[in-house]
Amino acid sequence: MEGKLILACITLYVVAAFSACTEEKEHVAPAIHERDSVAMMVSYGVNTLISDSGVIKYRIVAEEWEVNQNKQPSRWIFEKGLFLEQFDLAMHVQSYIQCDTAYYYDVQRLWELHGRVRILTKRGLRFSSEELFWDERTHEIYSNKNSHLITADKELHGNRFRSDENMTKYSVKTTHGYFDKKDIDNSSKDNMTKEQSDSARTRGRQPAQPRRIPNQ
């Protein structure tokens, strides 16, 4: 990866010379070390391929990538957007994540994405929201803002999204959406079949014949 490595402490001084009668005085401000705001690394124009066991699997694209361990908590900062994509063996895109702004808190192992968050998974699920968190410790992805999910057979909207990190098991609260007509038809057929079966069993029962009980 090509980039700039910035290791600096900012020193600001002001020197003013004044004349008082025939005596010249010099005023010097003390140095200011803004260690809490100095980044350990800033990379510009990042476009990097990442390989695993000699096979290229990932690509990272970011206009600016800042690593700041002096902030509390320490973090990676992608103020101008982030794009991650994953390839298969034929270098076809399998999945991607993109957003307008991203932060990665390395100690907490927490990703925080903002802006136009867009995700495509290997299974073809498409997700969009204005906010998303990915907790690597709990292996959970969540959002408390309006989220939109599209799969091959359904479309959901909701404002409380929770999922595993593979986005294969998820829930959406306060939801409304659309489902494939085949699912509704199949469900209706199953219900109809059950009702017909119950009705047939009822019709098949012979009414009980009254019997006269002899007097004791």
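## Salt bridges

Asp135 and Arg137 form a salt bridge, with their closest N and O atoms 3.7 Å apart. Asp135 is buried, because its relative accessible area is 11% and the cut-off for burial is under 20%. The model is predicted. A search of the whole structure finds eight salt bridges. Side chains of opposite charge can pair when their charged atoms come close.

Another of these pairs joins Lys57 to Asp52. Here the closest N and O atoms lie 3.6 Å apart. Lys57 counts as partly exposed, at 28% relative accessibility. Asp52 is also partly exposed, with a relative accessible area of 37%.

Arg116 forms a salt bridge with Asp100, and the closest N and O atoms are 3.2 Å apart. Arg116 lies in strand 9, while Asp100 sits in the loop between strand 7 (93-99) and strand 8, so the pair ties together parts that are 16 residues apart in sequence. Arg116 is exposed, with a relative accessible area of 51%. Asp100 counts as partly exposed at 28% relative accessibility.

Strand 14 covers residues 160-164, and its side chains alternate. Phe161 and Ser163 point to one face and are buried.

Which strands pair with strand 14? One is strand 11 (residues 140-143), which pairs with strand 14 in the antiparallel sense over four bridges. Ser143 stands opposite Phe161 of strand 14.

Ser163 has Tyr170 in strand 15 as its bridge partner.

## The hairpin and Met167

Strand 14 and strand 15 make a hairpin with five residues between the strands. Met167 is found in this loop. Its phi is positive, about 55°, although Met167 is not a glycine. Is Met167 buried or exposed? Met167 is buried, with a relative accessible area of 4%.

## Other backbone features

Arg109 also has a positive phi of about 55° without being a glycine. Arg109 is found in the loop between strand 8 (101-105) and strand 9 (110-120). Arg109 is partly exposed, with a relative accessible area of 38%.

Where does a cis peptide bond occur? The bond from Gln72 to Pro73 is cis, with omega near 0°. Pro73 is found in the loop between strand 4 (55-68) and strand 5 (75-78).

## Aromatic residues

How many aromatic pairs does a search of the whole structure find? The search finds nine. A pair of aromatic rings is described by the distance of the centres and the angle of the planes. One aromatic cluster is formed by Trp65, Trp76, Phe78, Tyr104 and Trp111.

Trp65 falls in strand 4 (55-68). Trp76 and Phe78 fall in strand 5 (75-78). Tyr104 falls in strand 8 (101-105). Trp111 falls in strand 9 (110-120).

Methods: Residues numbered from 1 in each chain as written. Predicted model: local features only at pLDDT ≥ 70, side-chain atom pairs only at ≥ 80, totals over all residues. Heavy atoms only, no water. Phe/Tyr/Trp six-rings, centres within 6.5 Å; stacked < 30°, edge-to-face > 60°. Buried < 20%, exposed > 50% of the residue type's maximum accessible area, 1.4 Å probe, protein only. Helix = DSSP H or I, 4+ residues; strand = E, 2+ residues; numbered from the N terminus. Pairing = 2+ DSSP bridges. Salt bridge = Lys/Arg side-chain N within 4 Å of Asp/Glu carboxyl O.
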